[in-house]
Amino acid sequence: MSTAQNSAEKGDFAKTVLMPGDPLRSKFVAETYFTDARLVNDVRGIQGYTGTYKGVPISVMASGMGMPSMGIYSYELYNFYDVENIIRIGTAGAISPKLKLRDIVAGIGASTNSSYTSNQFALKGHLAPTADFHLLETAVNVARELGVEMAVGNLYSTDHFYDASSAAFEWGKLGSLAVEMEAAALYTNALQAGRRALAICTISDHLVTGEELDALTRQTAFTQMMEIALETAILL
Ligand code: HPA
């Protein structure tokens, strides 16, 4: 079995998949942390690998950018490949002045301006896309044990990286900590499939101060987030 977007066979993915946006970061995770990593998908360059971390089978595959892309790949992983847990490991722009570059944020929920969450279901209201509590609790405990301070709060998942409006700040007034582009679709798919999801993001740019991480700092900051995700994955 394979899909138009994924050449992997059923059974090629472990029960937990880490999902960075960037295919090269998927490769980096596999090469840096996995034992016996093998490439299970490369359709459209969306590299997916399965290997072991500390003896536990685990997969990593890119989501691409934005909710349509995350929507496709996470839907297929849950519904066609029987994946149980997806942990997004991405980047986000800080909206809250309390956050600094390199900080790590876990999304307890993901508000969104995307139609992905609201328009495809016949809901008489709005879904609140939320993380799985067990995944979140495990990740919070892991971060504490690693001595990493991880903020936990709402993300704002936008369709507009280049936004003509000040929407992100308006969401910030309602408590959203950071803006990214995938968590709401991931959480929605997990809720629909009855599976687990969590988005963890490293702050790569700051909407309030205008600062951005340079390439080298990005790498080290991301390493901490990846370790939180990996150490969480082996406890599931
Ligand atoms: N906006 C949207 N998505 C992002 C950003 C941002 O500023 N930074 C990282 N992902």
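Me: Ala, Val, Leu, Ile, Met, Phe, Trp, Tyr, Cys and Pro count as nonpolar, Asp, Glu, Lys and Arg as charged, and the others, Gly among them, as polar. How many nonpolar, polar and charged residues line the second largest pocket?

Reply: Five nonpolar, two polar and four charged ones. Before we go on: this is a predicted model, where local features need pLDDT of at least 70 and side-chain atom pairs pLDDT 80 or more, while totals for chains, interfaces and linings use all residues. Residues are numbered from 1 along each chain as its sequence is written, and side-chain values use heavy atoms, leaving out hydrogens and water.

Me: Okay, what counts as a pocket here?

Reply: Rolling a probe the size of a water molecule over the atoms shows where empty space is left. On a 1 Å grid over the protein atoms alone, a pocket is an open set of points where a 1.4 Å probe fits, with protein on both sides within 12 Å along at least five of seven lines; lining residues have an atom within 4 Å of a point. The second largest pocket's lining includes L99, K100, R102 and Q224.

Me: And which residues lie nearest the centre of the largest pocket?

Reply: T91, F161, V179, M181 and D205, out of 34 lining residues. By class, that lining splits into twelve nonpolar, twelve polar and ten charged. β5 gives the most to it, five residues; strands like this are DSSP runs (E, at least two residues), and helices are runs of H or I, at least four residues, all numbered from the N terminus. Others supplying at least two residues include α1 (23-33) and α5 (167-173).

Me: Where does the ligand sit?

Reply: In the largest pocket, meaning more than half of its atoms lie within 2 Å of the pocket's grid points. The elements giving two or more residues to the shell around the ligand are β5 (85-94), β8 (178-180) and β9 (196-206). β5 has the largest share of that shell, three residues.

Me: Which residues are around the ligand?

Reply: Look for T91, A92, G93, F161, V179, E180, M181, S204, D205 and L207, each with a heavy atom within 4 Å of the ligand. Five are nonpolar, three polar and two charged.
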